[in-house]
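Thanks for coming. I will go through one structure this morning, chain by chain, starting with a sheet.

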Amino acid sequence: MSGSIAYAANLSVTPAGRIYAAVKPILWLAVGLLAVEVLVMAFEIRPYYLPRPSAIASGIMATPGAYLAGLWRTFLETALGFLAGSVFGVVMAVVFHRWLALKELFFPLFIVSQTIPVIAFGAVVVLWFGNTLFAKAVISFYISFLPVTVNTLLGFSSVDPRQVQLMRSFGARDGQILRRLYLPAALPQLFVALKLASSLALVGAIVGEWFGDTTGLGVLLLQAMYNENVVGIWATIVVSACLGMGLYSLVSFAERKIVFWGGEQ
Amino acid sequence: MTAFMQTDSARQISRGIAGALLVAAVWEICARGLNLPAYILPSVTSILAGMAGDLASLLEAARFTATESFAGYAIGCLVGMAAAILVTMIPSARSIVLPLATAINSVPVVAYSPLVLLWFGIGMASKIVMVAVAVSFTIFLSTIAGLDRVDRKSVDLIRSFGAGRLAVLWRLRLPTALPLIIAGMRVSTVRSVIVAIVTEMLGAYGGLGWVIYQAVLQIDFVKVWAAIIVASAISLAFFGAISFVERRYVFWSKA
Amino acid sequence: MLNRRNILAAFAAAVLGFQGFTMTALPAAAQDVVNASLRLKWLTQAQFAGFYVALEKGYYKEEGINLTINPGGPNLLTENLVATGADTFGLSGGTDSVFAARDKGMPIVCIGVAHQVTPFVFVSHKDGPVQTVADFKGKKITTWFTGANHVLSAMLSKVGIDPKDADIQPQQVSVTPFVDKQVDVVTATRYNELYVINQRVGKDNLNLFVPEDSGVSFPRDTLIVSEQTAAEKPELVEKFLRASVKGWKDAFANEKEAIDIIMKIAPTLDRAQQEFMLSEVKTLMTAGKASTDGLFTIDKDAVGSANGLLAQYGVISKPVDLDAAFNPSFIDKIPAGERRL
């Protein structure tokens with residue numbers, strides 16, 4: 001969050017400096033991969049433990065269609081679940097903020113719902129909704145909404161009551177106070193939660209695919225695991241990492257655009 | 001969130017229980033009224049009866065899962081916080097470690113479970129490793145976010161009093177970061193139990209996830225729900241414990 | 001801006017979600033085509049080649065069935081999905097899981113048995129301490145607690161060993177512990193793990209213990225439908241079986257093509273292993289009564305032998321009514337000549 005702003009602040013203003021800064025992590029990644037390749041060969045580590053990066057790359061290249069199809073499918077499930085979860089999370093936070101009685105009645109249950117292992121929940125969901133994209137999105141939704149609610153409430157509570165009084169003294173109605181004071185105040189916290197929720201939604205989608213799906217990264221992972229295909233497992237991990245990073249970057253990008261006042265440092 | 005716990009806890013607790021009872025009542029009515037077979041949704045009373053009958057084995061499984069969760073959680077918190085403090089102390093490491101940590105964290109933790117199971121076997125060690133990995137990244141990112149929150153002016157002020165780097169860390173950054181760190185720790189409690197259970201379902205000698213897996217295959221859905229309830233209870237207790245610590249010791253956090 | 005974005009997103013999500021949901025709920029259109037699904041017992045592999053061949057070559061479509069094949073997995077129980085109507089047909093674990101389901105009151109019925117003999121064997125090292133079933137006593141044995149454990153218990157009791165006298169543990173995904181000799185006896189399906197073990201240890205360095213040699217038989221890979229489907233749509237069941245038989249015969253006649261089809265659906269599989277799998281499955285599916293009566297024959301004797309055993313181990317509360325659980329009327333409608341290879 002603010003770390004990325006600090007990072008951006010360190011970027012040089014000149015185009016050359018900017019290019020170098022963008023390329024630096026990639027360079028480090030390349031160096032790191034090369035080091036791993038050499039180490040695995042030098043110590044003759046069995047592929048069972050750690051295959052060479054080149055083996056993983058060729059594994060992906062051998063059947064790129066499967067990974068791309070899986071990537072796309074998992075992305076759709078995640079995106080749906082994440083969006084639904086975020087909206088629901090914010091709405092519930094507003095509801096709980098407004099009506100304390102509802103909060104006291106149901107917020108503990110929200111927390112309890114999260115303690116139900118997603119695998120158990122997933123089994124039930126698949127029974128009810130069948131083998132559809134919708135079912136996997138439901139699982140994603142289920143895992144991702146709570147952090148959004150919790151953090152939005154946290155953000156709401158950081159508002160200075162005197163500011164609320166001030167606005168009321170100007171004749172502002174509840175809805176206006178919500179929109180102009182509470183929601184913007186909650187945005188920084190909300191985005192922390194959204195970043196977490198994006199990765200949780202991805203977990204939900206992948207675990208959801210373990211319930212007999214036809215395509216998806218979770219399916220590839222399961223197949224690789226049960227065929228003892230360690231290269232396949234790593235390949236799927238790499239692709240999942242790309243998807244996860246992509247989602248995280250999207251949310252961070254949105255954050256930088258929306259929460260332009262960022263952190264303090 | 002702490003405000004939620006502070007004011008009038010008696011009323012809140014009773015309201016919370018009321019909400020739970022309400023849901024339980026609706027569940028029972030649906031299960032009995034619609035005459036749902038056990039493999040779709042057993043009634044609350046039959047689950048409770050099943051729990052009473054299986055209590056010994058459920059508690060044994062609970063012990064397994066709880067141990068894996070707590071151990072992994074403790075290790076994860078320590079590693080995560082230590083790494084975050086290190087990165088803050090050594091700014092140049094930041095541009096490498098942060099993207100790397102984000103990348104590793106982007107992989108759903110469950111994706112590592114096949115690897116961890118292959119490497120560490122199906123004993124408790126693999127579950128503890130999985131929980132530690134899952135928790136450490138959340139704590140790492142929360143701690144970094146918290147440490148970054150510090151107001152520049154406060155840092156300058158305390159520096160002007162001659163405070164060295166370590167003092168700045170200890171007296172300013174850490175206390176300011178504590179609310180966010182504890183928030184991360186709170187969320188991680190439930191995650192740690194879930195990760196332990198998910199990993200157990202892929203292979204274990206015991207534990208609630210293993211019980212659920214077996215019970216599904218034996219078509220004993222009462223046992224599945226009983227195990228789920230026990231798992232939830234453990235998560236809640238864990239969550240409550242950390243919330244309690246937060247309330248007592250992080251008293252300055254506004255929420 | 002935040003609100004507008006969220007509202008748009010929510011709307012999009014709702015529309016997409018609803019569409020996905022209704023696509024499964026919509027009944028068949030005005031034509032005579034019926035929508036149905038087949039739930040497999042595991043992830044896509046050559047073990048199910050015949051069904052995929054039938055789908056690819058349009059045999060189901062010819063019979064007026066728009067079939068979707070859903071893979072199974074470690075977290076799914078086919079009986080459950082068929083009983084609740086989530087799937088029309090299921091290829092489930094085996095006679096043991098059918099018994100267990102019927103015992104728990106699940107309204108499913110078996111309409112055909114694929115593997116006529118027990119598909120798994122127990123393997124030990126030739127140069128190890130286990131040379132006969134009697135040697136299992138006190139040794140470290142890994143098995144799956146999804147049915148294979150009952151086979152093991154039955155084999156042990158036939159030589160007078162109490163299962164508690166052997167160190168029986170859940171089997172990992174990997175056979176590496178056995179290869180590394182940390183485990184004395186490992187359970188292997190003929191078509192899957194055995195391939196890997198043969199590759200890594202060498203066929204000649206292994207002892208195989210076949211359940212049938214100990215007088216224990218658990219036919220597996222049972223085709224099931226719900227009682228409701230069997231009663232209300234018998235023609236659908238018969239057509240499904242007919243198309244499936246055709247697909248399997250085709251798969252066994254053109255093994256290479258069948259594997260091509262499987263590889264297309266699950267490209268990350270190991271082709272050599274899949275070819276081995278298909279040839280082993282062929283042996284299993286044409287063993288016993290299937291050699292005379294054809295594929296998917298329900299041999300009541302073979303099936304019934306497990307009944308008493310399972311009751312003995314408390315897997316089922318009492319022996320199951322075989323006639324209610326196994327209904328050969330549908331498969332018998334297809335003449336043996338058509339079902340034989």
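In what order do the strands of the open sheet in chain C come? The order is β2-β1-β3-β10-β4, 5 strands with mixed pairing. Before going on, this is a predicted model: local features need pLDDT of at least 70, side-chain atom pairs count only at pLDDT 80 or more, and totals for chains, interfaces and linings use all residues. Residues are numbered from 1 along each chain as its sequence is written, while chains are lettered from A and ligands numbered from 1 in the order in which they are written.

Some terms. Helices (H or I, at least four residues) and strands (E, at least two) are DSSP runs, numbered from the N terminus. Two strands pair if DSSP finds at least two bridges between them. In general, that pairing goes through backbone hydrogen bonds, parallel or antiparallel.

Back to chain C. Strands β3 (residues 89-94) and β10 (residues 220-226) of chain C are antiparallel to each other, with 5 bridges. Leu91(C) has Leu223(C) in β10(C) as its bridge partner. Helix α5 (residues 95-103) of chain C packs on the sheet and touches β3, β4 and β10 of chain C. Contact here means that the C-beta atoms of two residues, placed from the backbone, lie within 7 Å.

Next, where chain B meets chain C. The contact takes 14 residues from chain B and 18 residues from chain C. On the chain B side, α9(B) gives the most, with 3 residues. That side has 11 nonpolar, 3 polar and no charged residues. Nonpolar covers Ala, Val, Leu, Ile, Met, Phe, Trp, Tyr, Cys and Pro; charged covers Asp, Glu, Lys and Arg; the others, Gly among them, are polar.

How confident is the predictor in chain B? The mean pLDDT of chain B is 80, and 92% of its residues reach 70 or more; pLDDT is the confidence in each residue, from 0 to 100.

Last, chain A. Helices α4 (residues 64-98) and α9 (residues 174-209) of chain A pack at about 145 degrees, with their axes 8 Å apart. Their contact has 9 nonpolar, 8 polar and 2 charged residues.

Definitions and conventions
Axes are lines fitted to C-alpha atoms, for helices over the stretch in contact, and angles run from 0 to 180 degrees between N-to-C directions.
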